[in-house]
Amino acid sequence: MRLCYPLLICLVLTMSSSFIISSKHMWTKMILTHHWPTTFCSMEHCQSNISQWTLHGFWPDGGAFCNSSWHFNSSEIEDLLPDMKTSWPDLFDPLSNEFWKYEWKKHGTCAAKAISLNSQHKYFSKALDLYHTLDLDSILKKFSITPSPQYYNFSYIEGVIENFYHVKPKIQCGHSTKNDSFQVLGQIELCFNSSFALMDCEKQVSTESDPDRGWDFPMNVDKGSGLSVCNPDVPVYYPPVE
C-alpha cells in the first residue's frame, strides 16, 4: 500500500493536469456557418450549380487542431453521408471526403471537448440537425430574399434574420477592389451556446491564414477567402446560380 500511495498521487496530479490543459481552450460558443455556393465558387474558382445555402462548418470559438491522433473515419458517420453530400458538400470536389476530414481534424476535435459532441457522429449529426432546424434557406425565401440581379439593403437582410431568430447573426460579403458600389453576399453565421440555444454572434477582429484550404479566418474560425463582415452602408448583391 505504501508503494501505491505515491503512485495514486501521481495519477491524480497527471489527471488534474490533463483536465486543466484540455479545459484551457474549452469552447463557449459554436458557430454554424452557412455559405452561398455561387459566391464561394466565384472566389475560389470551383464549379457549383447548388441552389441552396449549404454548411461551411460548425466551429467552436476555442482552439483548433486539438487532437492530431483522432483521425476522421467516414464509417462512423455512414448513416449521415447522404445528408452530408447535399447539406454539407465539398464544393471543390463533391465526391471527396477531404472537406469533412479537414473540418473534423481542425474543429471537430476541439468541439469534442464537450460531452454532447465527443464523437464524430455526435459532431456531424448535431451540425446537420441545427442546419435543418434553422432552415435558413427557406427563411430567406419566405421574406423574398432570393438570388437576384437587383441589390438588397444590408439592413433588410440582417433585420429579417434578427427578427426571425431573435439573435444577431454575422453576415459576410465579398468586396471587389475594382468596384466598391456593391458587395456580394457570401456567408451567414448563426451562433449557439453550450446548451445549443441561439445566441448573438460577436464580430472577431484578429486574423490569421489557413494555408491548407486557402481560406482566411478570424482567430481559429474559418472564413471564406475574400470575405469580411458586410458594410451596412453598401448595397448587397445576392448572385443567382450560374
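This is a predicted model: local features need pLDDT of at least 70, side-chain atom pairs count only at pLDDT 80 or more; totals for chains, interfaces and linings use all residues.
Q: How do you know how much helix and strand the chain has, and how much of the chain is buried?
A: The secondary structure comes to seven helices and ten strands. As for burial, 45% of the 242 residues count as buried.

Q: What makes up the contacts between residues at least 6 apart in sequence?
A: Of those contacts in the chain, 72% join residues at least 24 apart.

Q: Why is threonine 54 called buried?
A: Buried means under 20% relative accessible area. Threonine 54 has 0%, so the label buried applies.

Q: What is threonine 54 in contact with, leaving aside its neighbours within four places in sequence?
A: Threonine 54 sits in strand β2 (residues 54–60). Its contacts are Thr33, His34, His35, Pro37, Thr86, Ser87, Pro89 and Tyr131.

Q: How many aromatic pairs turn up in a search of the whole structure?
A: The search finds 20 aromatic pairs. Two of these are worth a look, starting with tryptophan 70 and tryptophan 104.

Q: What makes the pair of tryptophan 70 and tryptophan 104 edge-to-face?
A: Pairing needs ring centres within 6.5 Å, and planes over 60 degrees apart count as edge-to-face. This pair has 4.9 Å centre to centre and 85° between the planes, and is therefore edge-to-face. The two residues are 34 apart: tryptophan 70 is in the loop between β2 and α3 (81–87), while tryptophan 104 is in helix α4 (residues 98–111).

Q: Why is the pair of tyrosine 152 and tyrosine 238 called tilted?
A: Planes under 30 degrees apart are stacked, those over 60 are edge-to-face, and the rest are tilted. With 55° between the planes, this pair is therefore tilted, at 6.5 Å centre to centre.

Q: What parts does the pair of tyrosine 152 and tyrosine 238 tie together?
A: Tyrosine 152 lies in strand β3 (residues 148–152) and tyrosine 238 in strand β10 (residues 236–238), so the pair ties together parts 86 residues apart in sequence. Against the 20% limit, tyrosine 152 counts as buried because its relative accessibility is 13%, and tyrosine 238 because its value is 2%.

Q: Which residues form one aromatic cluster?
A: Phe58, Trp70, Phe72, Trp88, Trp104, Tyr123 and Phe124 do.

Q: How do you know where the charged end of lysine 126 sits?
A: Part of the test is a distance within 6 Å of the ring centre. The charged end of lysine 126 is 4.6 Å from the centre of the ring of phenylalanine 196, and sits over that ring.

Q: What makes up the lining of the largest pocket?
A: The largest pocket has a volume of about 210 Å³. Of its 14 lining residues, the closest to the centre are Thr39, Ser42, Met43, Gly174 and Val184. By class, the lining divides into six nonpolar, seven polar and one charged. Helix α2 (residues 37–44) gives the most, with four residues.

Q: What about the second largest pocket: which residues are the closest to its centre?
A: This pocket holds about 160 Å³ of space. Of the ten residues that line it, Phe72, Glu98, Lys101, Tyr102 and Lys105 are the closest to its centre. The lining comes to four nonpolar, two polar and four charged.

Definitions and conventions. Residues are numbered from 1 along each chain as its sequence is written. Side-chain values use heavy atoms; hydrogens and water are left out. On a 1 Å grid over the protein atoms alone, a cavity is a set of points where a 1.4 Å probe fits but cannot get out, and a pocket is an open set with protein on both sides within 12 Å along at least five of seven lines; lining residues have an atom within 4 Å of a point. Grid points are joined across faces, edges and corners, and a volume is the space filled by probe spheres set on the points. Ala, Val, Leu, Ile, Met, Phe, Trp, Tyr, Cys and Pro count as nonpolar, Asp, Glu, Lys and Arg as charged, and the others, Gly among them, as polar. Buried means under 20% relative accessible area, exposed over 50%, partly exposed in between (1.4 Å probe, protein chains only). Contact means heavy atoms within 4.5 Å. Rings of Phe, Tyr and Trp (its six-membered ring) pair if their centres lie within 6.5 Å; planes under 30 degrees apart count as stacked, over 60 as edge-to-face and the rest as tilted. A charge sits over a ring if NZ of Lys or CZ of Arg is within 6 Å of the ring centre and within 35 degrees of the ring normal.
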